[in-house]
Structure formats: C-alpha cells, structure tokens
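Biologist: I have a new model open and would like to learn how to read it. Could you take me through it step by step?

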Amino acid sequence: PLCHVNKQLMDVRVLKGEPAELSCTVSRDEVTGTWFKDGLKLTSMDGVLFEKQGLVHKLIINKVEDIHAGKYRFEAGDVKTEASIFVEDPPQVDKVLLKNLTTVPTVAKAGEKIKIKIPFEGRLPIRATWLKDKMKLADDSRIRVDKTDTFTMLSISNTERKDCGDYKVRLKNDSGVLDIDLKVEVTDKPQPPAGPMKILESSANDITIQWKPPKDDGGKPVQSYIVERQQVGKSDWVALGETPRSCTTFTTNKVEQDMSYYFRVRAVNAEGTSDALESDEVKAISKASPGAPDPPEIISVSKDTITISWKTPRKTGSSLIVGYIVQKRKKGTMTWVPVNSVPIADRKLKMTNLKKGLQYEFCVAAVNASGIGDISAPSQPVFARDSTKPPGQVRDLTVTSSDSTSVTLTWKRPEAKDGSDVKGYDVEIRSSNNLNWTKCNVFPIEMTSYTVKGLQAKEVYFLRVRALNDSGPGEAAELEA
C-alpha cells in the first residue's frame, strides 16, 4: 500500500537564539524521508538534527539563527509536506542596563548636561523614538536625539527644571516593539516665595510679614527663608534673620516710628537661594484700634435664646482682628452688660439664659492688638419668646385719593386670627417698567393709611402693603395705581 501523511508540517515562529522543531507523521514505519530547505537537500547543518521515532519524523534546531529562516520540505517517495520557520529578532537591550534605566532616575543639577545612551540589538532596521510626558521629543537648541544601527542617545545641554518628567524610549522593528520607561530629575534653587507678601501687623514698634512657600521648591526641600529689609530712600538691604521652612511669618522690631520700609524674602534649599519676593511699602505707625461694625442682625429667637450675627468692620485698624466682644441691654435701660469677656473669633453668637418676654438690644466691638475698637450701633430690639408665624394679608386695600404726584392708600388689619400681634405695616412701590420693589417707609407704619408722594404724572405704578410682627412681614396685598 502507498504511504501518506497523517500529520502535516506546521509553520513555526521562534525568537532568535531559542530552539525550534518541525514534526510530521507518516502512515508507514519503514519509510525513510529526506529534508529540504528552500529547495536544497539538507545533509547536515550546524545545530540541526534529524530524528525518526517510529512514524514521526522531526527536524530539530537547538539554537535558531537568521540562517535557519526559510521554507522546509519533508519527502518520502510520493509523500511530501512543507512548512516555514520564521525567525523573530525584536529589539533587545542588556537586562542589567534595562533594569538600571527603569528603576534609577537620571539626576542632574540645573545647567548641567545629560546624556542617556541605550545600546540595542535586533533585526535591522530598528526605529527609535523618544517621548516625554507622552509627547514626541524633537531636536531644538538644547535637546538632541541621535541613533545608529547599534544605539540611540538623548542629549540635553544646559538642563532646566522643565526637563524633569517621565520619558519613554520606543524601539521598533518588523519583529516587535520594546518600550523603556525612565525618569529624569533636574534639581535647582527654589522659585521665589509665593506672594503677594501680607503685612499682618504694622506698628511703631514692630512689623509682621507673611508669605507662602514657593510653587516649585527646585526638586529639593526648602530648608529656610532669609528675611531682609530696606528703608525707603536708601539703597542697602539689612539682614533681619532666618526662619525654618515650616514658618512663613516673621516679626521684626528693627523699625522706627513713622519710617517706611520694603521687605524681601528668599527661599533656601540644598542647591542655593531663590530670587526675592518683595513687599510694597510699609510704614511703621502707631497702633490703631478697629472701627465700629454695622449693627448686629437677629438670626433666630426663642423664649430663652437669641442668636445674632455681624460683619467685619470696614476699618480694621493697624493689625489683624483677633475677635469680638458682644454686649446686651434690656430695652429702655441705659446699662450695657458684656456677654463675653474673652474675644470670640466667630462672627455669630447664640445667647442663652435670657428672660422670657423681655425685649433686648445688642451691640458688638472688634478687638485687635491695640485693644477694643468702637462699639456698633444697637441692633433692632427683639423679644425673647418663641417665634410666631407672620401675619396674614391686610384687607380692603384701596386708593382713597390721588393727584399727579401722590397716592393715598387705606386698608384694614388682617383677620383677628391672622393678625392679632401686628406691630405695623410696610408700603412698597414699583413702576410698570421696573420689576424691583422699593420700600416707601423707613419705620413701620402704625396707622392703616399712608400717602405715597413724589410720583410722576401719567406713570403707572404698582403698590403693595404688608403687615409686620416679630416674625417678619406677612403676605403682600397688591394693587395698581
């Protein structure tokens, strides 16, 4: 019977230097075959072995080289089977060098030169690309990328802080790609401290300044700050002292009353001293206490607690405000009683232990290094009692008389169930081409009539009235005039 192939030869792809094997199976044990490569009969090749194990015929290569790539054929009588060996030779870099490149950053001081040379092997041509922060590097006046058949090299002359970053070298040929990630660090003196410089306190005896750390410390931790001052009108700078890196404020008593100065601060790290951050002109003047805040506002009320808040005074004095003192008095009395003896930093205070049903007023004063400032005007008087709901709408709002410049309104109190505690009324107005309402009265109106004056002839106006109680204004009643 004729011999035939039970298992054909199969193509093999193998890395250069690795072993490879071609194998086929025939149907008769006594068959002796012949191997061919690229049409030429194989008798012997360095590193190539022929084996027959029963029905199986093998071609074995212990270490594949470029010469082993090609088309192989096995023949035995009428039996024939073919397959190819493809030798892959991607870019490769020495393993020790590769580990050093990927684990140890390349470090240089600003102004120095960096050279990173990477020898490689692999089937030519090998293309080499350098990237920084995922962007392809291009040659310029400082940066140069070189490549030969055996290495690629990055050169950076006169390095700068902006050269720091993550770099990638991509080596590529027809057999594969090798990516090498590496890091470059460039150290330099710090940037100047961040500004603007603040003057925390200025007095006849001392001046306190404040700054922020540099936005870039130069790649080395800031160790300290050097502070200097210059008297206005003079050219020389006088060293005042040095602060540790954790301290970004400095107080000097080397000043004279009514003299003006400039200050400057430099950051220091292991690489050197930064350029200076300079202040505006500062005058050493006598301390000034804060001005009066606006009257406190009533935030919430109950039968035994009242919460007030206030704003920072427009005039803060010659130093930072450190807190506030609050005073209270019963409506109708002259004596103010301190609520707190130690200044509070917050601009809000909840007072307890008030007597239910009594009406209170409050005032506040700011405190800075020179003492307690001016006292504010009193707050609106407020009763210590549980809040009630706002009153209902006024009734029967009508215009009883009008002329070219005025309108007189009248109305009735809200229903008894909705307005037994009414304290007064507000009248508001807006013109037909204005969406904003304006209050006509300064103080609550006690009567149930009011004349609105100063109107323009032939203009259409909208008017509304609200009843008021301790909880605030009620729902408005509105009409057109």
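Modeller: Let us go from the whole chain to its strands and then to its pockets. This is a predicted model, in which local features need pLDDT of at least 70 and side-chain atom pairs count only at pLDDT 80 or more, while totals for chains, interfaces and linings use all residues. Residues are numbered from 1 along each chain as its sequence is written, and side-chain values use heavy atoms, with hydrogens and water left out.

Biologist: What radius of gyration does the chain have, next to that of a compact globule?

Modeller: The radius of gyration is taken over C-alpha atoms, and the globule rule is 2.2 Å times the number of residues to the power 0.38. For 481 residues a compact globule would come out near 23 Å, but this chain has 46 Å. Along the principal axes, its C-alpha atoms fill a box of roughly 130 × 75 × 55 Å.

Biologist: How is the chain divided into domains?

Modeller: The bounds come from an automatic or database domain assignment. They give domain 1 (5-88), domain 2 (92-187), domain 3 (198-284), domain 4 (297-384) and domain 5 (395-480). The centres of domain 3 and domain 5, taken over C-alpha atoms, are 61 Å apart.

Biologist: And how many helices and strands are there?

Modeller: Both are DSSP runs numbered from the N terminus, helices being H or I of at least four residues and strands E of at least two. The chain has two helices and 42 strands.

Biologist: Which strands make up the open sheet of five?

Modeller: Two strands pair if DSSP finds at least two bridges between them. Here the order is 10-17-16-12-13, with mixed pairing. Strand 10 (106-109) and strand 13 (135-136) are at the edges with a single partner strand each, so one side of each has no neighbour in the sheet. Strand 16 (residues 165-173) and strand 17 (residues 176-187) pair antiparallel over nine bridges, and K168 stands opposite D181 in strand 17.

Biologist: Why is strand 29 described as largely enclosed?

Modeller: Buried means under 20% relative accessible area, exposed over 50%, and partly exposed in between, with a 1.4 Å probe and protein chains only. In strand 29 (residues 323-330), six of the eight residues are buried, so the rest of the structure largely encloses it. Across the chain, buried residues make up 40%.

Biologist: Which partners does strand 29 have?

Modeller: Strand 32 (residues 359-368) pairs with strand 29 in the antiparallel sense over eight bridges, and strand 30 (residues 337-338) runs antiparallel to strand 29 with two bridges. K328 has F362 as its bridge partner in strand 32 and stands opposite V337 in strand 30. Strand 29 and strand 30 form a hairpin with six residues between them, and G332 in the turn has a positive phi of about 95°.

Biologist: Where does the largest pocket lie?

Modeller: Rolling a probe the size of a water molecule over the atoms shows where empty space is left. On a 1 Å grid over the protein atoms alone, a cavity is a set of points where a 1.4 Å probe fits but cannot get out, whereas a pocket is an open set with protein on both sides within 12 Å along at least five of seven lines; lining residues have an atom within 4 Å of a point. Domain 4 and domain 5 both give residues to the lining of the largest pocket, so it lies between them. Of its 26 lining residues, Q380, P381, P444, N469 and D470 are the closest to the centre. Strand 27 gives the largest share of the lining, five residues.
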